[in-house]
Amino acid sequence: MAKAPLMVTCLTCGEGFGTASVAIHWKSCARKHAAAVEVGAKAEEEKSRTKAGEAKRRAAYLAKCAPLPAAQDVGLGTPPKAGSDKSVYDEYNERAAAAFESHIGECACCAASPAAQAFLRAQAEARARRGDTSKEDEEAERRRREAEEEEARKRREAAEAEAERLRREAEEAARRRAEEEEARRRAEEEARR
């Protein structure tokens, strides 16, 4: 039976990648993170009705986003090379997972991502299997709940904004119909004279 290849944990997204592809993944993962933050910032801008409000919402959103950790900043160094001992992988992956978990604890933008939620669930399940339930699990569960609440709040705000837009459109359509009806009535009245 073939052994599964040893994987290296990405400290940006918490997922595992092979030693040959992890360097390429890191670059693309950083680009995806930057793009996701920009999408979130633009979504916040669109909720505002004024340019000043757009700038304030964007700044508030970006303030919630912590910068991505760099491997050197968290003491990771280079990832293990193919053929390294499993213990080298395990040590590296534990530090990378801890760095990712710390990042999503600080970054409200990342904490709400599906990848972060899957990571936190997997970490809690692994701790439960080891019988290592602790404050870490409680903290991870708290962050997961907060992220879910944030996501629900965003969906609620989007639904409210959509309802408001539809209400304004309906009012505008009713106003136009009333104006057209009034114009038609005046034209008929003018024609009778």
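**Salt bridges, a pocket and cysteines**

Me: What pLDDT do side-chain atom pairs need in order to count?

Reply: Residues are numbered from 1 along each chain as its sequence is written, and side-chain values use heavy atoms, with hydrogens and water left out. This is a predicted model in which totals for chains, interfaces and linings use all residues, whereas local features need pLDDT of at least 70 and side-chain atom pairs count only at pLDDT 80 or more.

Me: Is Arg153 buried, exposed or partly exposed?

Reply: Buried means under 20% relative accessible area and exposed means over 50%, with partly exposed in between, using a 1.4 Å probe and protein chains only. The relative accessibility of Arg153 is 24%, and this residue therefore counts as partly exposed.

Me: Which residues are joined with Glu164 into one network of salt bridges that share partners?

Reply: Glu164 and Arg167 both lie in helix 6, three residues apart, and their side chains meet in a salt bridge at 2.4 Å, N to O. Glu164 is partly exposed at 25% relative accessible area, and Arg167 also counts as partly exposed, at 37%. Through shared partners, Glu164 is joined into one network with Arg167, Arg168 and Glu171.

Me: How many residues apart in sequence are the parts that Arg143 and Glu101 tie together?

Reply: The side chains of Arg143 and Glu101 meet in a salt bridge at 3.3 Å, N to O, and both residues are buried. Arg143 belongs to helix 6 (residues 135-192) and Glu101 to helix 3 (residues 86-106), so the parts that this pair ties together are apart in sequence by 42 residues.

Me: How far does helix 3 reach from its first C-alpha to its last?

Reply: The expected span of a helix is 1.5 Å times one less than its number of residues. Helix 3 has 21 residues, and the expected value is 30 Å; the reach from first to last C-alpha is close to that, at 30 Å.

Me: Which helix gives the largest share of the lining of the largest pocket?

Reply: On a 1 Å grid over the protein atoms alone, a pocket is an open set of points with protein on both sides within 12 Å along at least five of seven lines, whereas a cavity is a set where a 1.4 Å probe fits but cannot get out; lining residues have an atom within 4 Å of a point. The largest pocket has 25 lining residues, with Ala36, Val37, Cys109, Cys110 and Ser113 nearest its centre. Two or more lining residues come from each of helix 1 (22-46), helix 3 and helix 4 (108-111). The largest share, eleven residues, comes from helix 1.

Me: How many disulfides does a search of the whole structure find?

Reply: A disulfide is taken as a pair of cysteine sulfur atoms within 2.5 Å. The sulfur of Cys10 has its closest cysteine sulfur in Cys13 at 3.8 Å, which is too far for a bond, and the sulfur of Cys29 has its closest, also in Cys13, at 3.9 Å, again too far. Cys10 counts as buried at 0% relative accessibility, as does Cys29 at 7%. Over the whole structure, the number of disulfides found is zero.

Terms used
Salt bridge = Lys/Arg side-chain N within 4 Å of Asp/Glu carboxyl O. Helix = DSSP H or I, 4+ residues; strand = E, 2+ residues; numbered from the N terminus.
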